[in-house]
Amino acid sequence: MKNSKRPSRRQLLKMGAAAVGGGLLAQPKALAAESPGKLGIPLGPYGERSPYEKAVRWRRDTKTPETGSSFSPLQDSVGTLTPSSLHYERHHAGIPFIDPAQHRLVIHGMVDRPLSLAVADIKRLPSITRIMVLECGGNSGSEWTAITGPDVQRSYGLVSCSEWTGVSLSLLLKEVGVKPDASWVIAEGADACRMERSVPLAKALDDALIAYGQNGEALRPAQGYPLRLLLPGWEGNTNVKWLHSLKLTDQAYMARDETAKYSDLMPDGKARIFTYRMEAKSVITFPSGGQKLPGTGLYELTGLAWSGSGRIERVEITTDGGKSWVAAKLHEPRLPIAFTRFRLPWRFDGREAVIASRATDETGYVQPTREELIAVRGTNSGYHFNGMKFWKIQTDGTVRNVEV
Ligand SMILES: Nc1nc2c(c(=O)[nH]1)N[C@H]1C(S)=C(S)[C@@H](COP(=O)(O)O)O[C@H]1N2
Ligand SMILES: [Mo]
C-alpha cells in the first residue's frame, strides 16, 4: 500500500474503534491458527463458497413449491453482480428439465423463411455480452398498500444483476425476413404453463438478446436454461425463459401475463397495460431492516441503484427522514440498466436516524416517494412500485422498516 494512504486508513480504524478494536487485538491469535503444518482440503471440480458464508434466497412457503418467487439476499450483497446461485427466481410452473441437444427455438409466423434453430446453431452466431439488471414487475409491490417487508430481501429482493451472453434477436429476425405487416413478436417458454408475452417488434429489433450464458457459464436452469429472452430495462415477466418459440404477428396476444397480470389498475378503474419499462429505483442495503449496528461510530451506508432507462446519474441519501440530502459516492463503471453501488460514510451517534436513498437516472428521472407514486397511481396495483425505502435506526442500533 502507498504511504500516502496510511493516515486516512488509520484514522478510519480509529473512528470505528468500537466496531473493529476487538478484531485488531484478536489478530495475532488468528494468524497463529492459519500457520503452516496442516494440509488444506483437496481441489474440487466445481467451486463452492466458504461454509462460513450463509446468504440464501428467501421463499415464502407455498402449497406448490414449484411455483412462486425466491428473493435475492440484497443485505448480504457486495459489489454489483448477483452470483447465479443467489439470483432471484420467479416461476409460474416450476423449472423444466431441458436437454439442450433436444431443444429448439422456432421463429415463425409472418416471416419469409421460418427457422428452427438448435442451441448449437445459435452458439455459432456472433455473440454479445452485457451486464444487465433483471427485476420482476412485482418487486416491492407490497409497499403499495402497507410497509410490510421487514427486511430489504423480502421487500426489494426480486431483482438481480448478471452478465448475460447470447445473440442479438435482430440478427435472427434478419435471417428469417420479417414481413412488412408484422408488428409484434410473441415469445413462448417451454415450461408447463407455456408462458407467453407479446413484444413490440421495435423492441425486438432494438436491443433484445437471446441469452445462453450467465456470469461466465451456461444459464442456470432457474434462469431459463438453455435459452431465454432478455429485454433490457423491461419488467422481468417479459424476459421469457426456456424460450422455444418466437412468432411474428400483426397484433398482441393479450396473454394472461399482460392483461390479468402485470397491468396496473388505476384509481379511475382503467388499467395501464404494456407498462414494460422498469423505472429508476434504489434501496439502502446496509444498514437495513432486521440488522443491528453493534455500537456507535463510523459506518458506510451502502446500497444499490438501477434504472430500466439507462445509467444511474446520482444517488442522494438522507439520514434525517428526508429533510436534507447528500450525494453518495457511486462505484464505477456505471453501466446502463445495471446495478450501481453507492456508499456514504456516516457516524451513528446513538440518536434515532431515518435513512433512505433517492436515485436519478441519465434521463433526469428522479425516484419518487411512496406518497408521490400513490398520488398518481392509487393503491389498486401490486406492480411497478419504485418508491423510496425508509429505514429507521433506533437508539440501540436496531434497524426497522418505517413509514415516512
Ligand atoms: N417461461 C417462463 N418465463 C418466465 C417466467 C415463467 O414462469 N416462465 N417467469 C417470468 C417472471 S414473472 C420473471 S420476474 C422472470 C424471472 O426470471 P428469473 O427467475 O431468472 O429471475 O422470468 C420471467 N420469465
Ligand atoms: Mo415477475
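How far from an N or O atom in the side chain of Arg 228 is an oxygen atom of ligand 1? In this predicted model, the separation is 2.8 Å. The legends below describe close-up views of the ligand site, the cavities, the strand pairings and selected backbone features.

Figure 1. Ligand 1 is surrounded by 21 residues. The closest of them are Tyr 88, His 92, Asp 191, Arg 228 and Lys 241. For Arg 228, an N or O atom of the side chain is 2.8 Å from a ligand oxygen. For Gln 223, the corresponding distance between a side-chain N or O atom and an oxygen atom of ligand 1 is 3.0 Å. For His 87, a polar side-chain atom lies 3.2 Å from an oxygen atom of the ligand. On its own, ligand 1 has 540 Å² of accessible area, and the protein covers 100% of that area.

**Figure 2. The largest cavity.** The count of cavities of 30 Å³ or more comes to three. The largest cavity has a volume of about 210 Å³. Its lining consists of 20 residues, and those nearest the centre are Arg 90, Arg 228, Gly 236, Asn 239 and Lys 241. Strand β3 (residues 89–91) provides the largest share of the lining, with three residues. By class, the lining of the largest cavity comprises eight nonpolar, seven polar and five charged residues.

**Figure 3. The second largest cavity.** The second largest cavity holds about 70 Å³ of space. Eleven residues line this cavity, and Ile 147, Arg 370, Met 388, Phe 390 and Val 402 are the closest to its centre. Its lining divides into six nonpolar, one polar and four charged residues.

**Figure 4. The open sheet β1-β2-β3.** Three strands form an open sheet in the order β1-β2-β3, and their pairing is antiparallel. Strands β1 (58–59) and β3 stand at the edges; each has a single partner strand, so one side of each is left without a neighbour in the sheet. The antiparallel pairing of β1 with strand β2 (residues 68–71) consists of two bridges. In this pairing, Trp 58 stands opposite Phe 71 of β2. Strand β3 links this view to that of the largest cavity, to whose lining it contributes three residues.

Figure 5. Strand β4 (residues 104–109) runs antiparallel to strand β5 (residues 115–118), and four bridges join the two. Arg 104 has Ala 118 in β5 as its bridge partner. The two strands form a hairpin in which five residues lie between β4 and β5. With strand β13 (residues 243–249), β4 pairs in the parallel sense, again over four bridges. The bridge partner of Val 106 in β13 is Ser 245. In general, the strands of a sheet pair through backbone hydrogen bonds, and they may do so in a parallel or an antiparallel manner.

**Figure 6. The open sheet β16-β17-β21-β20.** Four strands make up this open sheet, in the order β16-β17-β21-β20 and with antiparallel pairing. Strands β16 and β20 (329–330) form its edges, and each pairs on one side only. Two bridges connect β20 to strand β21 (residues 340–348) in an antiparallel arrangement. Lys 329 has Arg 343 in β21 as its bridge partner.

Figure 7. Which residues does the peptide bond with omega of about 5 degrees join? The bond is cis and joins Tyr 225 and Pro 226. Pro 226 lies in the loop between β11 (217–218) and β12 (228–230). Another cis peptide bond, with omega of about -5 degrees, joins Phe 286 and Pro 287. The loop between β16 (281–286) and β17 (297–306) contains Pro 287. Ser 140, a residue other than glycine, has a positive phi value near 60 degrees. Ser 140 is located in the loop between β6 (128–135) and α4 (152–156).

Definitions and conventions:
Residues are numbered from 1 along each chain as its sequence is written. Chains are lettered from A and ligands numbered from 1 in the order in which they are written. This is a predicted model: local features need pLDDT of at least 70, side-chain atom pairs count only at pLDDT 80 or more; totals for chains, interfaces and linings use all residues. Side-chain values use heavy atoms; hydrogens and water are left out. On a 1 Å grid over the protein atoms alone, a cavity is a set of points where a 1.4 Å probe fits but cannot get out, and a pocket is an open set with protein on both sides within 12 Å along at least five of seven lines; lining residues have an atom within 4 Å of a point. Grid points are joined across faces, edges and corners, and a volume is the space filled by probe spheres set on the points. Ala, Val, Leu, Ile, Met, Phe, Trp, Tyr, Cys and Pro count as nonpolar, Asp, Glu, Lys and Arg as charged, and the others, Gly among them, as polar. Two strands pair if DSSP finds at least two bridges between them. A residue is near a molecule or strand if one of its heavy atoms lies within 4 Å of it. A polar contact is a pair of N or O atoms within 3.5 Å; within protein, one must be able to donate a hydrogen and the other to accept it, and residues adjacent in sequence count only if both atoms are side-chain atoms. Accessible areas come from the Shrake-Rupley method with a 1.4 Å probe; for residues, only the protein chains shown count as cover.
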